[in-house]
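Subject: Structure handover and notes

Hello,

Here is the structure you were going to look at. My notes on it follow below.

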Amino acid sequence: PSPTGPLHMGGVRTALYAYLFAKKNGGDFLLRIEDTDQNRFVPGAEDYIIEALRWCGIHIDEGVSVGGPHAPYRQSERKEKYRQYALQLIESGHAYYAFDTAEELEQQRKSAEEKKQTFAYGSATRMNLKNSLTLSADETQKLLDDDVPHVIRLKVPADETIVFTDLIRGEVRFNSSLVDDKVLLKSDGMPTYHLAHIVDDYQMEITHAIRGEEWLPSAPAHILTYQYLNWKDKMPQYAHLPLLLKPDGKGKLSKRDGDRLGFPVFPLEWKDPFSGEISSGYREKGYYHEAFINMLAMLGWNPGTEQELFTMDELVQAFSFDHVHKAGARFDPEKAVWYNAQWLQRQSDDDMAERLSKSVQQQFKLADSHRCLQKSYLKECVRLLKPRIQFEQEMIAKGEYLFVAPTEYDSAVVSKRWKPTLQPFFSSLLSAWEEVKTFDAAEAEQTFKHTSEKNNLKPGEVLQLTRVFVSGQAQGVDLFPMIALLGKAEVIQRMNTALSRMS
């Protein structure tokens, strides 16, 4: 990845597929930072990339942050390794110096637009431009001696068929006349991606390179470069992944789509160091990393079975490029939430209770000895709330009544259900509950039903009011298990408070 900003979820998916393939085949996963475009470098982006991969559970075997036998792993620190190969390509006649200024190239583009054409620096145009193919050897040397700004371009032949096998798309064929002469070395001496990744892949003994399909049109130039450097037998196998599409399927899911459309597109929250703008992250939104990875893996790949939930180890075992789709994968924010809800159900009640304890203490400032902070109590809260939430942080909001007595009561239920004539029923209910020896869910419910019948009421006539009097809310966790958890004394106190408010 390039340190030009936060790692988009599409970039995480590329890393994930590379990781799964490497682990399945006993290989190593490398992290190399492609920072040759210094003008677009963003402070903090590299640290963000490393932290994002760590949170996702993608372990870096070799590369930036861990080191390894092929260091350094930042391309800016490998600058001297690239020039010799660019010069080697010039010597063999497969590359050339180009001295065209930015203004001259812009004029070429404008002239082409006026003719309703697209300008490309390649086999059809290079002999009309300012480069070492059109200049004499002496003229070229003088420009070099005078340090006139220049780039080195790959010399792509005209009208040849370039063929390679993609792990996802099978045999891919290109006509070389449609491929422009890629810049290999920029005027500042830094390589472009087109040269740097090839030299690095060769020197780091990369066997498989997985990248987005936007690089597919550049693949012919990369194939030629390997061929011209006599490295064809060392060329890694390429896999060009399908795009991640917006939820409506219209166009690529971009970094700008996230919060604008109401969901994150980054694994972690990102604060732009220049503008201060904050973009939301899956971690901070409360997603489990397992859910995020599971969801990403299924965007463009399927296991060939009905299984949808996978641990990382299960993904490693199941993954293959045979089941990666060629077409773009439409991102569904609701499915992402569904994955998180599924992974929430898989969480240990003990672990969730531990995390809930900290949240409850922070939210309600309870003393350490408070019964609501007892592990057994918190575990039961978790058990009751789990089926009703999609994110852990919802436990406080959706289960506040489990920790503090209500001060407000659902007005819609009260206005619809409450009648002063119900006062005798509730008085009888409280008296009956006082007498219950074992105040568990079954006993509390049985007593409630029996008291309803004695007062010539159907349980449904007073059930929702009972819930509101105890919790303040019209909906929530299962009523009688909640009543049993709160305990006899607490429930009766809450009911008496509510009844006094009603009168």
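Serine 357 sits in helix 12, which covers residues 349-364. This is a predicted model. With a relative accessible area of 15%, serine 357 falls under the 20% limit, so serine 357 is classed as buried. If residues up to four places away in sequence are not counted, serine 357 touches Leu373 and Leu378.

Next, the nonpolar cores. The largest one has 121 residues. Met9, Ile58, Phe403, Phe426 and Trp433 are the residues with the most contacts inside this core. Helix 1, residues 9-24, gives the most to the core, with nine residues. Another core lies apart from this one and has 35 residues, including Tyr85, Tyr97, Phe99 and Leu229.

Leaving aside neighbours within four places in sequence, phenylalanine 426 is in contact with Trp418, Val462, Leu465, Thr466, Phe469, Met495 and Leu499.

Helix 1 also packs against helix 9 (residues 289-297): the two axes come within 10 Å and cross at roughly 85°. An angle between 65 and 115 degrees counts as roughly perpendicular, so helix 1 is roughly perpendicular to helix 9. On the helix 1 side the residues that meet helix 9 are Met9, Val12, Arg13, Leu16 and Tyr17. Their partners in helix 9 are Phe292, Ile293, Met295, Leu296 and Ala297.

Tyrosine 19 is in helix 1 as well. Its relative accessible area is 9%, so tyrosine 19 is buried. Apart from neighbours within four places in sequence, tyrosine 19 is in contact with Phe29, Gly57, Ile58, His59 and Met312. One of these, Ile58, is also listed among the residues with the most contacts inside the largest core. As for distance, tyrosine 19 and arginine 383 are 364 residues apart along the chain, and their C-alpha atoms are separated by 35 Å.

The crossing of helix 17 past helix 18 is right-handed. Where they meet, helix 17 supplies Phe448, Lys449 and Ser452, while helix 18 supplies Pro459, Val462, Leu463 and Thr466. Val462 and Thr466 are also among the contacts of phenylalanine 426.

The loop between helix 17 and helix 18 holds asparagine 456. Phi of asparagine 456 is near 55°, a positive value in a residue other than glycine. The relative accessible area of asparagine 456 is 71%, so this residue is exposed.

Aspartate 147 likewise has a phi near 55°, again positive and again in a residue other than glycine. Its place is in the loop between helix 5 (137-145) and strand 4 (151-154). Is aspartate 147 buried or exposed? At 67% relative accessibility, aspartate 147 counts as exposed.

The peptide bond from alanine 71 to proline 72 is cis, with omega near 0°. Proline 72 is placed in the loop between strand 2 (62-63) and helix 3 (80-91).

The other is proline 333, which lies in helix 11, residues 333-345. Relative accessibility is 23% for proline 333, so it counts as partly exposed. Leaving aside neighbours within four places in sequence, proline 333 is in contact with Pro247 and Phe263. Proline 333 and valine 477 are 144 residues apart in sequence, and their C-alpha atoms are 26 Å apart in space.

Last, the cysteines. How many disulfides does a search of the whole structure find? The search finds zero. Cysteine 381 is in no disulfide, and the nearest cysteine sulfur, that of cysteine 372, is 6.8 Å away. Cysteine 381 has a relative accessible area of 0% and is therefore buried. Cysteine 56 is buried too, with a relative accessible area of 1%.

Regards

Technical notes: Residues numbered from 1 in each chain as written. Predicted model: local features only at pLDDT ≥ 70, side-chain atom pairs only at ≥ 80, totals over all residues. Heavy atoms only, no water. Core = buried A, V, L, I, M, F, W, Y, C linked by side-chain atoms within 4.5 Å. Buried < 20%, exposed > 50% of the residue type's maximum accessible area, 1.4 Å probe, protein only. Helix = DSSP H or I, 4+ residues; strand = E, 2+ residues; numbered from the N terminus. Contact = heavy atoms within 4.5 Å. Disulfide = S-S within 2.5 Å. Left-handed = near helix turned anticlockwise from the far one by under 90°. Axes fitted to C-alpha atoms, helices over the stretch in contact; angles between N-to-C directions. Parallel < 35°, antiparallel > 145°, perpendicular 65-115°, else oblique.
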